[in-house]
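Subject: Handing over a structure

Dear colleague,

I am passing the structure below on to you, together with an account of what was found in it.

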Amino acid sequence: MRDRGGRASVFAPLDGGRRTDAVVRRLSDGIRLGLLRADEQLPAETELASAFGVSLVTVREALTALREQGLVATRRGRHGGSFVRDVPGGAGDVLRERLRAVGPAQLRDLADHYVAIFGTAAQLAADRAGEHDVALLAEGVAELRRAPDADARRRAESRFHTELAAAAQSPRLTREVIGLQSEVGPLLWLAATTEAARDEVRQRLEGVLDAVRDRDGARARAEASAHVYAALARASALQLVLLGEEDPGPW
Amino acid sequence: MVIDPLEALTERVTRLCESTFAAVEGLRAVVEPGVPAASIAAAVRPLLEQPGTPLVGAGLVLDPGTAAGYGMEWWHRGRGGEGPVRRLEPVLDPDADDFYDYTVLPWFAVPRDTGARHVTGPYVDTLCTTEYTLTFTVPLFGAGRSFAGVVGADIVVDWLERRLLPLLHRCERPAALVNAERRVVAANRPELVTGTVLTGPGEHRPLPELPLSVLVLG
């Protein structure tokens, strides 16, 4: 039987595999990217379950896995709970690991998905941003300029993206940007490892900001899309090396 | 008696805003003067838990110039206003990388700079609910009327829109409730999109002591 109007997509495999794995990945990225700090207490299990929209059992399984990976420690007693452990390695390891895991096609698809959201946010922000929104975006670019290390750059970048979606006056786009950041962030923004790449990132974001200031929606979208695809190109280059270096295994 | 629909609209908006500010001023009375900021929690919870309330968040935010420094006692019901009441816990250490500096945001800065109440928005609240929001804030004063922070409450635009659309619908001419920068809060024509800034000419009907007005076009 032929597929009528995308019926097959209804029965395509669900995103993200097992729910437990998705929770583990989200928290482990957060810990290793430095979004969650050493000794910080994680929210209570019930709060995690409601935040992720999963069952308590799933959260407990995920925490057990994270303990086994040495990323969290559980303390008992009145001030007990799950605490983030100090993890060496950090952002660079996360990037390499994730680039190995996703494969080139998935990486490209992620960039396409993000361009759809972020490009539209940029275009609408150019139409709708108020003076205050523009000031926050300008501060985001200034923060990126001042950022001393990779973690700070990634935070500044992620803040700029969220503020851009907020300037578009769209709660949905803002939530999409925030939701995609945990996936897009490590893969695309961490690959800007050279000074030239970092200059390019800064110029792109300045380009988006200028277009928003000039109320030029088409240019804002073009700059935003070019920014994401430039990041994709850098990540892909790194990915091809990583995957190229892997043992091809037996035929 | 025939009531002009535009007048009915302005009256409704004024009433909704005034009752929100009344709730906020009630909260302010709890902590002023010299009462510890945290004691506001006992007054905020019942407000947010009241059935049918439009308030999705409320609390107080301290001026960093006060003895306590940066501080926030803010409670919210989460996205959609459906969830349990939770305390907001932003990063308020100025040396932290993800420090949340609220002193530059209009819901804090305007009451500080003008000494008067303010309605911020409509804007996407990226910290608390990620909803399209209006925030009502009033200045909080310490000893000698020195600025000590703001007390405020959030309502979601969706709630207000629903209450205004029946009245807007009765206006024959294109009309919109807009904020001071002419950003649409609610309107009666599809082309007057919520959240966009209207630049064309129109007849302004400002609302008394609120940074909002009804804009009638065409």
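The domain bounds used here come from an automatic or database domain assignment. On that basis chain A is divided into domain 1, covering 19–84, and domain 2, covering 91–245, and the C-alpha centres of these two domains of chain A lie 27 Å apart. Please bear in mind throughout that this is a predicted model.

Chain A

Helix 6 of chain A, residues 104–128, has 25 residues and reaches 35 Å from its first C-alpha to its last, which is close to the 36 Å expected at 1.5 Å a residue. Elsewhere in chain A, Q169(A) has a positive phi of about 65° although it is not a glycine, and Q169(A) is placed in the loop between helix 8 (150–167) and helix 9 (171–189) of chain A.

Where the chains meet

In the contact between the two chains, 14 residues of chain B touch 13 residues of chain A. Sorted by class, the side of chain B that touches chain A consists of five nonpolar, four polar and five charged residues.

The two domains of chain B

For chain B the domain assignment gives domain 1 (8–156) and domain 2 (159–216), and the C-alpha centres of domain 1 and domain 2 of chain B lie 24 Å apart. The contact between them takes 17 residues from domain 1 of chain B and 19 residues from domain 2 of chain B. On the domain 1 side of that contact, helix 1 (5–31), strand 4 (118–124), strand 5 (132–141) and strand 6 (147–156) of chain B each supply at least two residues, and helix 1 of chain B gives the most, with eight residues. By class, this side of domain 1 of chain B has 12 nonpolar, four polar and one charged residues.

The six-stranded sheet of chain B

One open sheet of chain B has six strands in the order 3-2-1-6-5-4, with antiparallel pairing. Its edge strands are strand 3 (86–87) and strand 4 of chain B, each of which pairs on one side only. Strand 1 (residues 55–62) and strand 2 (residues 71–76) of chain B run antiparallel and are joined by six bridges, and in this pairing L62(B) has G71(B) in strand 2 of chain B as its bridge partner. Helix 2 (residues 41–49) of chain B packs on this sheet, where it touches strand 1 and strand 2 of chain B, and its direction makes about 165° with that of strand 1 of chain B. Strand 2 and strand 3 of chain B also pair in the antiparallel sense, over two bridges, and H76(B) stands opposite R86(B) in strand 3 of chain B.

The four-stranded sheet of chain B

Another open sheet of chain B is formed by four strands in the order 8-7-10-9, and here too the pairing is antiparallel. Strand 8 (184–187) and strand 9 (203–206) of chain B are the edge strands, each pairing on one side only, and the twist averages 25° from one strand to the next. Within this sheet, strand 7 (residues 175–179) and strand 10 (residues 212–216) of chain B pair in the antiparallel sense over five bridges, and the bridge partner of V178(B) is S213(B) in strand 10 of chain B. Helix 1 of chain B packs on this sheet, touching strand 7, strand 9 and strand 10 of chain B, and its direction makes about 160° with that of strand 10 of chain B. Helix 4 (residues 157–170) of chain B, in turn, lies across strand 7 and strand 8 of chain B and runs at about 40° to strand 8 of chain B.

With best regards

Key. Residues numbered from 1 in each chain as written. Chains lettered and ligands numbered in written order. Predicted model: local features only at pLDDT ≥ 70, side-chain atom pairs only at ≥ 80, totals over all residues. Contact = placed C-beta atoms within 7 Å. Nonpolar A, V, L, I, M, F, W, Y, C, P; charged D, E, K, R; others polar. Expected span 1.5 Å × (residues − 1). Pairing = 2+ DSSP bridges. Axes fitted to C-alpha atoms, helices over the stretch in contact; angles between N-to-C directions.
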